[in-house]
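Work through the exercises below with the model open. Each task is followed by a stepwise solution.

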Amino acid sequence: MPDPYRGHQYVIDDWHDHHLRQPPRGYHWIGVGADYFLVGVATGLVLESVFGR
């Protein structure tokens, strides 16, 4: 995930309200438009993607 999209303004803290699964330790959901990405906090690597939700 590019650095500009790793800022807190993109982090989805209410993942349950967005019908996303709980992120494993060390990951969080990032929302970009109608798409969501499960991203490693330390690495920025995308573990999972959900498009058009």
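**Exercise 1.** How many residues lie between E3 and E4 in their hairpin, and which residue in the turn has a positive phi?

Solution. Strands E3 and E4 form a hairpin with five residues between them. Gly44 in the turn has a positive phi of about 80°. The strand labels come from DSSP runs: helices (H or I) need at least four residues, strands (E) at least two, and numbering starts at the N terminus.

Before going on, note the ground rules. This is a predicted model: local features need pLDDT of at least 70, side-chain atom pairs count only at pLDDT 80 or more, and totals for chains, interfaces and linings use all residues. Residues are numbered from 1 along each chain as its sequence is written, and side-chain values use heavy atoms, with hydrogens and water left out.

**Exercise 2.** State the overall fold content and the dimensions of the protein.

Solution. Step one: count the elements. The protein has zero helices and four strands. Along the sequence the pattern reads β-β-β-β. Step two: check the radius of gyration, taken over C-alpha atoms. The value is 10 Å, close to the 10 Å that the globule rule gives for 53 residues, so the protein is as compact as a globular protein of that length. The rule is 2.2 Å times the number of residues to the power 0.38. Step three: take the box. Along the principal axes, the C-alpha atoms fill roughly 25 × 25 × 15 Å.

**Exercise 3.** What is the strand order of the sheet, and which strands are at the edge?

Solution. Step one: the sheet is open, with four strands in the order E1-E2-E3-E4 and antiparallel pairing. Two strands pair if DSSP finds at least two bridges between them. Step two: E1 (11-12) and E4 are the edge strands, each pairing on one side only. Step three: count bridges. E2 (residues 27-32) and E3 pair over six bridges in the antiparallel sense. E3 and E4 are joined by four, also running antiparallel. Tyr27 stands opposite Gly40 in E3. Trp29 has Leu38 as its bridge partner, and Leu38 also stands opposite Glu48 in E4. Step five: inspect the other hairpin. Two residues separate E2 from E3, and Gly33 in that turn has a positive phi of about 65°.

**Exercise 4.** Which residues make up the largest nonpolar core?

Solution. Step one: recall the criterion. A core is a set of buried Ala, Val, Leu, Ile, Met, Phe, Trp, Tyr and Cys residues joined through side-chain atoms within 4.5 Å. Buried means under 20% relative accessible area, exposed over 50%, partly exposed in between (1.4 Å probe, protein chains only). Step two: list the six members. They are Ile12, Leu20, Trp29, Tyr36, Leu38 and Val50. Step three: look at Leu20. Beyond its neighbours within four places in sequence, Leu20 is in contact (heavy atoms within 4.5 Å) with Ile12, Trp15, Trp29, Tyr36, Val50 and Arg53. Step four: check cover. Five of the six residues of E3 are buried.

**Exercise 5.** Why is the pair of Phe37 and Phe51 edge-to-face?

Solution. Step one: the structure holds two aromatic pairs. Step two: the ring centres of Phe37 and Phe51 are 5.9 Å apart and the planes are at 80°, so this pair is edge-to-face. Rings of Phe, Tyr and Trp (its six-membered ring) pair if their centres lie within 6.5 Å; planes under 30 degrees apart are stacked, over 60 edge-to-face, the rest tilted. Step three: Phe37 sits in E3 (residues 35-40) and Phe51 in the segment after E4 (46-50), 14 residues apart. Step four: Phe37 counts as buried at 14% relative accessibility, whereas Phe51 counts as exposed at 59%.
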